[in-house]
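Please look through the structure below with care, following the chains from one element to the next before reading the explanation.

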Amino acid sequence: MTVLLQTAGEIARAVRAGEVKAAAVLDEALARQETVGAKVNAFTEVTTDRARGEAAAVDEAVAAGRDPGPLAGVPFAVKNLVDIAGVSTLAGSRINADDAPKAADAPLIARLNAAGGVLLGALNMGEYAYDFTGENSHYQPSRNPWDTDHMTGGSSGGSGAAVASGLVPLALGSDTNGSIRVPSAFCGLFGLKPTYGRLTRAGSFLFVAALDHLGPFARSPVDLALAYDVMQGPDPADPVCAQKPAEAISGELAKGADGLRIAVADGYFEQNAVPAALEAVAKAAKALGVDRRVTIPEAARARAAAYVITTAEAGNLHLKRLRERPLDYDGAVNERLMAGALAPANWVFQAQRFRSWYRDRVREVFKDVDVILTPATPIPAPRIGQKTMMLDGNEVPVRAHIGIYTQPISFIGLPVAVAPVHGLGPLPFGVQVIAPAWREDLALRVAAELERSGVASAPVAPL
Amino acid sequence: MADKPFDAEAYVEAAAAAVELPIPEQLKAGVVEQMRATHRLAQVVMAQPLDDTVEAAPVFRA
């Protein structure tokens with residue numbers, strides 16, 4: 001196995017020990033771009049020169065006996081809505097390509113760099129993140145490494161494609177209604193959507209500020225924790241970012257699921273899914289010795305409220321561009337943004353008030369359990385371009401259906417790890433491991449237990 | 001309940017004028033369809049009774 005295809009933690013260990021140079025890891029990553037990159041269309045920009053400088057700095061630190069950091073020499077890449085100095089922040093759009101290159105990196109890139117990470121570039125995404133498919137009419141779809149005729153899921157499609165194809169072991173994405181969790185499930189990866197307000201979103205082109213999160217993709221829960229730990233901490237530049245000191249959790253994962261009260265969500269989270277999506281949850285529950293079930297109340301209404309807030313807030317954010325350049329948008333996006341820009345305030349305020357009400361109901365559920373399991377998506381990755389699918393004998397629209405299980409959870413900002421389950425069909429599935437607010441440690445402990453048990457895994461796709 | 005069914009087309013035309021959003025002809029049918037979908041989901045949200053004490057969460061703290 002090449003060094004590049006190992007986990008971020010193993011790469012960093014080898015670099016810190018002087019067994020391999022960061023420059024050599026980078027050479028492997030650049031070579032893999034040539035052989036695999038075009039097959040999955042994950043990157044929109046490869047920052048080769050910058051990466052060489054960062055890798056050299058890590059190697060100098062090792063040579064001088066300084067600690068290069070816990071991500072020493074680990075190549076990573078970011079969804080192209082995260083600012084990279086010297087690069088225009090596309091947010092998946094053609095319109096933003098006219099923007100000047102950014103003067104500075106987003107804080108999360110700076111924090112990953114400070115830990116020794118080597119930025120390899122910017123990743124493809126659905127336009128302005130209003131997307132569950134990973135399709136993009138301007139930059140072409142990112143492609144699922146497990147079958148390149150299929151969607152990666154979105155909107156962080158390039159993030160899923162890059163990690164599952166072994167281009168990088170670590171990527172950043174964003175999640176408003178499921179955009180980390182859907183591509184994690186479709187591409188068979190571990191993903192972490194932290195608590196709303198945990199990681200700073202400063203220096204990112206937001207979609208729906210009221211719902212937006214940033215978080216990592218990786219091929220192991222340990223790597224998620226490594227990246228998450230170095231990215232935490234307050235940031236006055238993001239008004240939502242909590243004024244909390246970092247709460248490192250890497251040391252917690254070895255505890256596994258010991259002592260945790262875990263349950264499977266029933267009702268809404270068992271409906272409208274293909275059998276294998278539910279089988280993935282059943283396998284996880286069996287491995288954890290879980291037979292308890294809980295009901296998350298009013299999940300369908302929560303999804304509806306998330307939809308209303310999303311369309312209205314995004315419509316307002318884009319109003320000027322919709323007036324001036326409506327036809328420069330992706331055709332899958334402009335009509336939805338326009339309708340959102342016209343939504344009455346009454347709907348939005350009701351949805352925000354319902355959000356408080358629903359959060360309180362779900363807090364009640366978490367008095368009796370520590371972690372809740374649900375499917376991440378009701379279906380595996382559809383084919384690229386697929387518009388509808390058959391489910392329980394009914395034809396349902398693919399795009400609207402993909403996020404039914406993710407939206408009610410991010411709506412109230414709960415932390416979620418996705419544990420990927422392979423072997424239930426030609427394409428992978430994902431299990432949402434949902435914890436109470438600010439308890440990312442619990443979600444990742446259970447994800448780590450599922451990895452140890454062999455139920456969850458995230459191998460590099462053979463390409 | 002409303003006396004008349006929601007007329008998405010008329011609403012889009014009136015609201016677009018109110019927020020000064022010109023809608024290109026080729027997008028109009030799609031915008032109306034999206035507004036119809038949003039209205040349908042908004043009715044689900046509006047149907048939830050909420051006490052006067054339930055505050056909105058525009059800057060939400062989990």
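**A sheet and the helices beside it**

Strand 7 (residues 262-265) of chain A and strand 9 (residues 371-375) of chain A pair in the parallel sense over three bridges, where helices (H or I, at least four residues) and strands (E, at least two) are DSSP runs numbered from the N terminus, and two strands pair if DSSP finds at least two bridges between them. This is a predicted model, in which local features need pLDDT of at least 70 and side-chain atom pairs count only at pLDDT 80 or more, while totals for chains, interfaces and linings use all residues. Residues are numbered from 1 along each chain as its sequence is written, and chains are lettered from A and ligands numbered from 1 in the order in which they are written.

In strand 9 of chain A, L373(A) is the bridge partner of V264(A). Both strands belong to an open sheet of eleven strands with mixed pairing, whose order in chain A is 1-3-2-4-6-5-12-13-9-7-8. Strand 1 (43-46) and strand 8 (293-294) of chain A stand at the edges with a single partner strand each, so one side of each has no neighbour in the sheet.

Helix 7 (residues 221-231) of chain A packs against helix 15 of chain A at an angle of about 155°, with their axes 9 Å apart; axes are lines fitted to C-alpha atoms, for helices over the stretch in contact, and angles run from 0 to 180 degrees between N-to-C directions. That makes helix 7 of chain A roughly antiparallel to helix 15 of chain A (angles over 145 degrees count as roughly antiparallel).

How values were computed. Parallel < 35°, antiparallel > 145°, perpendicular 65-115°, else oblique.
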